[in-house]
Each structure stands twice: as C-alpha cells, then as structure tokens.
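Let's explore a protein together, one question at a time. Have a look at the picture first, then try each question before reading on.

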Amino acid sequence: MKKLRKILRILLFGFVGLCFVSLVWDKADRTLAVREKVFDQESVQYPIRKSDVTLYTDGQEFYDRLLDDIANAKQYIHISFFSIADDTVSHRFEELLKKKSKEGVEVYYAVDRLGGVLLKEQDKQALLKAGVHFTYYNKLDFPYFFSSLEHRNHKRISVIDGTIGYAGGFNIGKKYLGKNEKLGSWRDYHLRIQGEGVQDLEQEFELDWVKNDRETVWKTHTSTEKGTTELRFKAYSGKDLAYDYANLFHQAQKSITILSPYFIPNNKVIWHALIDAEKRGVEINILWSPESDAPLVKQAAYPYIRKALKHGMHVYGYRDGILHGKVLVIDERVAMVGSANLDSRSIHLNKELNCYIYDTAFIKQVLNKKVHEDFQRSQQIHSPYVNNLPLQEKLKERLAKLVEYYL
Ligand SMILES: O=P(O)(O)OC[C@H](O)CO
C-alpha cells in the first residue's frame with residue numbers, strides 16, 4: 001500500500017511538472033514566434049480573371065469529376081488537401097495518383113501535417129516509390145512546437161495540366177460522400193475552374209510547395225484562355241481575412257448571406273461590420289451546422305448566435321446532416337466559395353484560399369439555387385434555443401469558451 005502511494009505521488013508530481021513545463025514552453029514559444037514573426041506571411045491577392053466555373057455540392061459528383069480529370073492528365077497534377085482519410089475513397093485516390101505517376105505524369109501531392117495524420121507511413125512510401133512527389137505542409141517545428149502545431153494549411157488546391165483547377169471545401173475521405181452512418185448526408189461547396197484563373201491556383205500551389213519542400217515544381221504553361229465568369233483568388237495566412245469580409249459587409253446594400261459549418265467569429269472587425277450593416281437595413285442570414293464531426297464547435301457557436309440574434313440577424317441551423325460549405329453572398333453581386341470557415345482558426349491561424357466571384361448571373365442562377373436549397377433544409381433558430389440550454393450543453397459551452405481561439 002505504501003509503495004502504491006509512493007508511485008501515485010511520483011506520477012502526480014511528474015504530471016504536474018510536465019504541465020508546468022508545457023505551459024511555460026507554450027507561453028515562451030508563442031511570445032517568441034509572434035515577436036520574430038515566424039509564421040507571418042503576406043496575403044496574396046490575385047488579379048480578377050475570367051474563367052468557366054462549375055459548382056460541386058455533392059461528394060460523389062465531385063470525386064467522379066476530379067478523378068476523371070486526374071485520369072485524363074497528360075503532363076502534370078498538382079494536388080493539396082487539408083485532410084485525407086484512410087479509407088476506400090483515399091485509397092482509390094492514391095492508387096490513381098500512383099498509376100498516373102507510373103505512366104510518366106509528374107504528380108505533386110501534399111497534405112497538411114495534422115490533417116494528414118491518418119496517412120500511413122507505408123502508404124506514403126508506396127506513393128514515393130511510384131514516383132509521386134509527396135510532402136506534408138506545415139510540419140511541426142522546434143523550438144516553436146506549440147505555434148507550429150496551431151498554424152495549419154487549410155487550403156484545398158488541385159491543378160491538372162495547367163488547364164483545370166479546383167478549390168473549395170471538400171477533402172479526401174468517405175465521410176464527404178455522406179455515407180458515414182453517424183454523420184449522415186454531407187453538403188459542401190467546391191469549384192471546378194477552367195481558363196485563366198487556373199494560373200493563380202497553380203501559383204498558389206507552387207508557393208506552398210516550395211515553402212514546405214524546397215523542391216521546384218514541374219509545370220509547362222497554364223491556361224490563359226478567358227472564360228465567362230469574373231473571379232479572383234485570395235490566399236490568407238492568419239490575417240487580413242477579417243478585413244476583407246468586413247469590407248464586403250460594409251459594401252452590402254440589401255443582403256448578406258453566410259454559410260459556415262462552424263460559427264465562431266471571435267473578431268471585433270467582423271462584428272462591427274455586420275452590426276453596422278444590420279443597422280443600415282441589410283438583411284443578414286447566417287446558416288450554420290449544429291451537427292459536426294469536430295468536438296465543442298457546436299457549443300462554441302452559442303455565444304455568437306446569441307449576439308447575432310440580439311442584433312436582429314437571422315440564424316438558421318442545417319438539419320439534413322452536415323453542412324460543410326464555406327460561402328458568402330453579398331447582394332447577389334459578390335460571392336465567395338472557399339476554404340475559410342467563419343471561425344477563429346480561419347480568421348486568426350490557418351492558411352486559407354478563397355475564390356471571390358463577381359458574376360451576378362452565376363450567383364443568381366447557380367450558387368443561390370444551392371444556397372436556397374440549404375436554407376430550405378434548415379430550421380430558423382430563435383432565442384430560446386440558445387437561452388434555455390440543458391445543463392450539459394451549458395457546461396460544454398463554458399469549456400468551449402476557454403479553447404475557442406483554437407477551434
Ligand atoms: O472541417 P474543415 O475541413 O473546414 O476543418 C476544420 C478544422 O478545424 C481546421 O480549421
């Protein structure tokens with residue numbers, strides 16, 4: 001008994017000591033990283049381009065098209081995703097990349113280091129053996145361990161032969177097909193681009209690749225043909241996103257529509273612009289996904305839903321499984337489809353890539369139809385929903401508040 005007590009005491013002291021060292025390291029690491037601007041990177045705003053755009057909201061249709069484009073690649077494939085699963089969908093995807101590489105197509109494939117945690121070492125080695133150029137983005141770094149852990153590359157970029165590009169919200173995995181029993185159906189927003197806009201996706205891919213791998217990327221020439229839809233890509237690195245969104249909200253005259261799986265906008269610039277718009281009579285509709293595959297994000301949204309309702313905004317909760325699209329629509333004049341959630345990580349920490357669309361016809365005839373469907377599948381949230389929470393939800397909300405910066 002005495003011996004057991006002694007072991008428990010040692011374990012307890014060890015645990016407390018480890019927590020103390022971690023806290024001190026965490027604080028020093030973050031302070032130094034901010035002072036030395038270790039993770040600072042300028043945002044990149046690409047020119048307005050004219051391209052042909054197709055919107056994908058269904059996982060099966062998206063994968064069918066992406067895999068078909070990859071299968072038809074003749075020269076090179078540049079692909080990066082935030083996350084990759086270890087399941088039938090990811091295996092089929094990786095088998096195809098290996099096949100194309102063996103055929104002589106130059107394949108560059110990257111995944112965020114944390115988002116790619118499920119990729120097995122043996123699968124990675126098999127990709128390399130087949131000649132695929134593979135790298136992880138944002139690897140963990142010493143001594144900035146904690147800071148490097150929180151800065152993720154959340155972009156999704158695909159470029160095939162410099163003529164076809166993709167950007168949006170899907171990742172690679174079975175759950176995006178909506179066939180995961182627990183998660184239910186899955187709704188996302190992802191764009192397929194053809195025409196001159198592809199060169200900016202390629203440029204952005206190259207910037208990330210060279211920064212993480214130092215190897216130059218093989219490519220020939222990208223498409224400069226003009227399509228019909230005016231768009232602009234913008235890449236963020238933990239700053240400027242709030243200012244860009246605020247600018248859009250300030251320009252709104254009639255309506256602001258926001259779709260985001262997570263609703264954790266802990267940012268004064270964004271709130272100031274939204275409240276200001278609401279006071280000008282702009283109708284603000286926010287659609288968020290109460291169901292999620294990430295812990296505490298639901299509860300972290302409650303304070304912001306209360307705030308939105310208090311200021312007369314309309315909030316809706318998606319009811320048909322998971323809504324994972326990241327979309328803004330301002331007055332049917334400007335829209336955004338991208339990788340950035342309206343959450344703290346996207347506003348303050350992640351590298352993101354958004355596509356801004358300035359084509360009223362596309363917004364009205366294509367995007368808004370899908371957005372309208374999503375509102376039809378939702379339920380409006382009123383104050384009692386967030387004010388009369390069960391005790392367990394209240395406790396989780398408290399816990400979520402403590403960590404919301406990282407959600
Ligand atoms: O669900 P995702 O792919 O938008 O990723 C969410 C993670 O919290 C990264 O910000």
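Q: Where does Pro143 lie?
A: In this predicted model, a cis peptide bond joins Pro143 to Phe142, with omega at about 10 degrees. Most peptide bonds are trans. As for its place in the fold, Pro143 belongs to the loop between strand E5 (133-137) and helix H5 (145-150).

Q: What is phi of Asp161 near, in degrees?
A: You can find Asp161 in the loop between strand E6 (157-160) and strand E7 (164-168). Most residues other than glycine have a negative phi. Asp161 is not glycine, but its phi is positive, near 55 degrees.

Q: Which residue has a side-chain N or O atom 2.5 Å from an oxygen atom of the ligand?
A: Let's go through some residues around the ligand, which include Arg156, Tyr262 and Asn341. For Asn341, a polar side-chain atom is 3.0 Å from a ligand oxygen. For Arg156, the distance from a side-chain N or O atom to a ligand oxygen is 2.8 Å. The value of 2.5 Å belongs to Tyr262.

Q: Which domains each give at least three residues to the shell around the ligand?
A: By class, this shell has 2 nonpolar, 5 polar and 3 charged residues. Among its members are Phe82, His154, Lys326 and Arg345. The domains that each supply at least three residues are domain 2 (44-233) and domain 3 (239-348 + 377-406).

Methods: Residues numbered from 1 in each chain as written. Predicted model: local features only at pLDDT ≥ 70, side-chain atom pairs only at ≥ 80, totals over all residues. Heavy atoms only, no water. Near = heavy atom within 4 Å. Polar contact = N/O pair within 3.5 Å; in protein donor to acceptor, adjacent residues only side chain to side chain. Nonpolar A, V, L, I, M, F, W, Y, C, P; charged D, E, K, R; others polar. Domains from an automatic or database assignment. Helix = DSSP H or I, 4+ residues; strand = E, 2+ residues; numbered from the N terminus.
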